[in-house]
Amino acid sequence: MNSPINLFEYENLAKEHLTQMTFDYYSSGAWDEVTLKDNRAAFTRVKLRPKMLVDVSEINLTTKVLGQSLQLPLLIAPMAFQCLAHLEGEIATASAAASAGVGMVLSTLATKSLEEVAKVANGLQWFQLYIHKDRGLTRALVERAYAAGYQALCLTVDAPVLGKRERDRRNEFTLPPDLHPANLTNISGLDIPHAQGESGLLTYFAQQINPALTWKDLEWLQSLSPLPLVLKGILRGDDAVRSVEYGAQGIVVSNHGGRQLDGAIASLNALPEIVAAVDGRAEVLVDGGIRRGTDILKALALGAKAVLIGRPILWGLAVSGQTGVAEIISLLKDELTTAMALSGCANLQDIDSTLVIHN
């Protein structure tokens with residue numbers, strides 16, 4: 001077949017490269033997958049109002065997030081177990097991100113260690129953190145991330161327990177014997193169990209992740225290192241205000257790709273309220289459902305500083321490793337460039353709320 005020319009074609013092709021269990025794990029949402037679908041649908045409900053007769057002979061996509069330069073307003077979202085898609089896993093993803101000048105957020109549950117990934121990363125690199133019941137383990141992860149050169153901690157706050165993902169339960173999701181959460185096995189020997197009639201990841205969360213986490217714990221977390229704190233999973237304006245009050249320098253508006261609370265608001269729909277509530281006191285990013293350059297344009301118009309891309313990166317990784325990830329980034333860059341030119345925006349600073357209207 002011809003090479004894929006958009007992210008949807010990459011997803012279709014990735015199915016041929018992945019086991020059913022892995023594809024379901026990557027692609028599924030919680031329960032009826034209402035929020036999963038609505039993340040995409042939200043972008044179709046926002047329409048563009050392009051400006052005409054603007055000089056768009058040169059398009060500038062560069063920006064900064066928490067002081068780190070990006071060649072386009074894009075970060076790779078934290079995603080677990082990337083070696084299920086390709087042997088090089090997170091190494092390949094980070095290498096592609098480094099070459100393209102986009103950000104990389106590494107998952108706690110990566111299948112390559114944070115030190116290995118740091119060696120190939122450059123530019124913006126954050127470490128995504130789950131707070132474990134074992135505080136010593138959490139402390140060790142933060143100290144390792146700081147020592148390895150990660151520039152921020154991205155704390156996932158929407159997963160005190162794991163959402164019920166029925167495809168994973170049906171498949172009794174677990175990792176093959178040769179794969180392990182690389183950041184955890186060398187600390188405490190933690191692994192994803194095989195659970196009869198249940199998802200091994202859900203069982204892991206129930207056993208290991210701390211569901212008693214509150215705002216006050218953020219003070220303890222910030223005492224462990226000088227790294228700035230980004231909170232991922234905020235969907236309400238009042239929580240955004242509280243995030244800033246407790247020291248967060250960044251917020252990722254996110255519903256975990258529809259994988260946690262089914263029926264939760266689409267990330268794009270939550271974005272304007274959070275941007276207004278933060279009022280410039282922290283940088284606001286968004287993820288969930290972004291598949292086209294026009295989607296990025298709409299997110300920026302609604303106030304996001306940058307976007308995070310998740311599943312499409314995995315599809316590129318599954319199809320052709322680092323080359324596939326690079327192609328996903330390149331497709332989005334090209335589409336965003338075209339969308340900005342057709343909308344009369346030569347620079348990211350030209351993109352504002354007048355560019356969009358909700359249908």
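Tutor: The model is a predicted one, in which local features need pLDDT of at least 70 and side-chain atom pairs count only at pLDDT 80 or more, while totals for chains, interfaces and linings use all residues. Residues are numbered from 1 along each chain as its sequence is written, and side-chain values use heavy atoms, with hydrogens and water left out.

N39 sits in helix 3; helices (H or I, at least four residues) and strands (E, at least two) are DSSP runs numbered from the N terminus. Leaving out residues up to four places away in sequence, N39 is in contact with N255, G257, G258, A266, S267, G288 and G289, where contact means heavy atoms within 4.5 Å.

Helix 3 is also a packing partner of helix 2: the buried residues of helix 2 pack against helix 1 (7–14), helix 3 (34–45), helix 7 (166–171), helix 9 (200–208) and helix 14. Helix 2 spans residues 20–27 and is mostly covered, with 6 of its 8 residues buried. The buried ones are T22, F23, D24, Y25, Y26 and S27.

Two loop residues are buried as well. H132 lies between strand 6 (125–129) and helix 6 (135–148), and its 1% relative accessibility is why H132 counts as buried. Beyond residues up to four places away in sequence, H132 touches T108, L137, T138, L184, L190, Y204, Q208, I209 and N210. G344 is in the loop between helix 14 (311–343) and strand 12 (356–358); G344 counts as buried because its relative accessibility is 6%. Apart from neighbours within four places in sequence, the contacts of G344 are K51, V54 and V56. V56 and G344 are 288 residues apart in sequence, yet their C-alpha atoms are 6.5 Å apart in space.

On a 1 Å grid over the protein atoms alone, a cavity is a set of points where a 1.4 Å probe fits but cannot get out, whereas a pocket is an open set with protein on both sides within 12 Å along at least five of seven lines; lining residues have an atom within 4 Å of a point. Grid points are joined across faces, edges and corners, and a volume is the space filled by probe spheres set on the points.

Over the whole structure, the search finds 2 cavities of 30 Å³ or more. The largest cavity holds about 450 Å³. Its lining has 30 residues, and those nearest the centre are P78, M79, K232, H256 and R259. Helix 2, helix 9, strand 11 (306–309) and helix 14 each supply at least two lining residues, and helix 14 gives the largest share, 3 residues. By class this lining has 16 nonpolar, 8 polar and 6 charged residues, with Ala, Val, Leu, Ile, Met, Phe, Trp, Tyr, Cys and Pro counted as nonpolar, Asp, Glu, Lys and Arg as charged, and the others, Gly among them, as polar.

The second largest cavity has a volume of about 40 Å³. L162, G163, K164, R165, D168, R169, E198, S199 and L202 line this second cavity, which makes 2 nonpolar, 2 polar and 5 charged residues.

The open spaces remain. The largest pocket contains about 380 Å³ of space. Of its 23 lining residues, V157, D158, P160, L213 and W215 are the closest to its centre. Strand 7 (152–156) and strand 8 (229–234) are the elements that give two or more residues to this lining, and strand 8 has the largest share, 3 residues. The lining of the largest pocket divides into 16 nonpolar, 4 polar and 3 charged residues.

The volume of the second largest pocket is about 250 Å³, and its lining comprises 8 nonpolar, 5 polar and 2 charged residues.

Technical notes. Buried means under 20% relative accessible area, exposed over 50%, partly exposed in between (1.4 Å probe, protein chains only).
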